[in-house]
Amino acid sequence: MPLDTNRFKAIIDYYDKTRFDYNVAWDSSEFPAVHFGFYDENADKHSDALQNTNQVLANLARVKAGDYVLDAGCGRGGSCFWLAQNRRAKTIGITPVQSQIDECRQNAIDRKLEAQCQFELADYCHTPFKDEQFDVIWACESLCHADQKRDFYQEAFRLLRPGGRLVMAEYMRRHRPLSDDDERLLMSWLNGWAIKDIDSRSEHLQHAQAVGFTAVDIQDVTSAVRTSLRNLHRNSTNWLWFSHLLRLLRLRTTTQHINQRASIHQYEALERGSWTYNTLTAQKP
């Protein structure tokens, strides 16, 4: 069944209109990322930290040669290419954003990775794939866009083979609800990134266990990505005046400007203790 793109209009518009911000201002490296970076003793620079995110998640999911990985919310395809070249995995990346699919497919051709990396327009809560088709479901900062997070867990469980692994990196709220001021700040960030809401750690745990996942492990890794979060805040703050000017000159869209303000608010909300950055791993029995 063709994807009903009308259901994803806000997300599609957001990523289409902020393409410059992600492709040029954030990352134009070999494995293009739309996610934050993990800093450690092996990665102390922006581009290295972004690729380190792939290594951290791949290690958590124990991705090995020959594994079939579904990247649920693949963005620009960087994780798929990284997994193919560094772990010799076969990957399928899905996103509801056609411009991202077009970019990913062209990059796969340019890299001669068409056999290892395929890309499809799809909803990760209702995919067209067969039961028990994948060894690993990978979701890096993408589940946040789902209206009902449990729907994603249900679909991931269906798609995984027995013994298959789920690995995620995700924003999680500390409580529900927060104080009125903290809720307003959190929503200012989330809505500016076309995210309706994020769930708490306990809600994610309940979703995963309710659909049948075992060995569910959620780790707060905010300290590893704090530098990346802070750098986005600093750069967005320093260049906000320029964004105002470009918008007045009609050289920058309102969506881009709101995205930049939201990038400031994400760190302010973090500093107020409203959310944390987490990894989640789980297994299908």
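**Entry 1: threonine 91**

I began with threonine 91 in this predicted model, and, leaving out residues up to four places away in sequence, I found that threonine 91 touches Val69, Cys80, Leu83, Gln116, Cys117 and Gln118. I then looked up where threonine 91 sits, and I noted that this residue belongs to strand β2, which runs over residues 90-95. Is threonine 91 buried or exposed? Its relative accessibility is 1%, and because buried means under 20% relative accessible area, I wrote down threonine 91 as buried.

**Entry 2: phenylalanine 134**

Next I turned to phenylalanine 134, which lies in strand β4 and is buried, with a relative accessible area of 0%. Not counting residues up to four places away in sequence, I listed Tyr68, Val69, Leu70, Ile92, Phe129, Leu159, Leu160 and Arg161 as the residues that phenylalanine 134 touches. I also checked one distance across the model, and found that the C-alpha atoms of phenylalanine 134 and threonine 255 are separated by 36 Å, the two residues being 121 residues apart along the chain.

I went on to helix α6, residues 149-159, whose buried residues are Lys149, Phe152, Tyr153, Glu155, Ala156, Phe157 and Leu159. Which elements cover these buried residues of α6? I noted that the cover includes the strands β1 (68-72), β4 (134-140), β5 (160-173) and β7 (275-283), together with helix α8 (201-210).

I then searched the whole structure for aromatic pairs, and the search gave 23. In one of them, the rings of tyrosine 124 and phenylalanine 152 have centres 5.4 Å apart and planes at 75°, so I recorded the pair as edge-to-face. Tyrosine 124 lies in the loop between β3 (117-121) and β4, while phenylalanine 152 is in helix α6, so this pair ties together parts that are 28 residues apart in sequence. Tyrosine 124 is buried at a relative accessible area of 12%, and phenylalanine 152 counts as buried at 1% relative accessibility. Phenylalanine 152 also pairs with tyrosine 153, and here the ring centres are 5.7 Å apart with the planes at 75°, so this pair is edge-to-face. I checked that phenylalanine 152 and tyrosine 153 are both buried.

**Entry 3: the nonpolar cores**

I kept in mind that nonpolar side chains in soluble globular proteins tend to be buried together. The largest nonpolar core holds 59 residues, and the members that touch the most other members are Phe119, Tyr171, Trp189, Trp193, Ile198, Trp275 and Tyr277. I followed tryptophan 275 and, leaving aside its neighbours within four places in sequence, I found contacts with Tyr171, Met172, Arg173, Arg174, Leu186, Trp189, Ile198, Leu229, Gln266, Ala269 and Leu270. A second, separate core has 30 residues, among them Phe129, Tyr153, Phe213 and Ile218. I also noted a cluster linked by ring pairs, made up of Trp26, Phe36, Phe38, Tyr171, Trp189, Trp193, Trp275 and Tyr277.

**Entry 4: the cavity**

Last, I asked how many cavities of 30 Å³ or more the structure holds. I found 1, and the space in the largest cavity comes to about 70 Å³. Its lining is formed by Tyr15, Arg19, Tyr22, Asn23, Val34, Arg76, Ser99, Gln100 and Glu103, and the elements that give two or more residues to this lining are α2 (19-26) and α5 (98-110). When I sorted the lining residues by kind, I had 3 nonpolar, 3 polar and 3 charged.

Terms used. Residues are numbered from 1 along each chain as its sequence is written. This is a predicted model: local features need pLDDT of at least 70, side-chain atom pairs count only at pLDDT 80 or more; totals for chains, interfaces and linings use all residues. Side-chain values use heavy atoms; hydrogens and water are left out. On a 1 Å grid over the protein atoms alone, a cavity is a set of points where a 1.4 Å probe fits but cannot get out, and a pocket is an open set with protein on both sides within 12 Å along at least five of seven lines; lining residues have an atom within 4 Å of a point. Grid points are joined across faces, edges and corners, and a volume is the space filled by probe spheres set on the points. Helices (H or I, at least four residues) and strands (E, at least two) are DSSP runs, numbered from the N terminus. Ala, Val, Leu, Ile, Met, Phe, Trp, Tyr, Cys and Pro count as nonpolar, Asp, Glu, Lys and Arg as charged, and the others, Gly among them, as polar. A nonpolar core is a set of buried Ala, Val, Leu, Ile, Met, Phe, Trp, Tyr and Cys residues joined through side-chain atoms within 4.5 Å. Buried means under 20% relative accessible area, exposed over 50%, partly exposed in between (1.4 Å probe, protein chains only). Contact means heavy atoms within 4.5 Å. Rings of Phe, Tyr and Trp (its six-membered ring) pair if their centres lie within 6.5 Å; planes under 30 degrees apart count as stacked, over 60 as edge-to-face and the rest as tilted.
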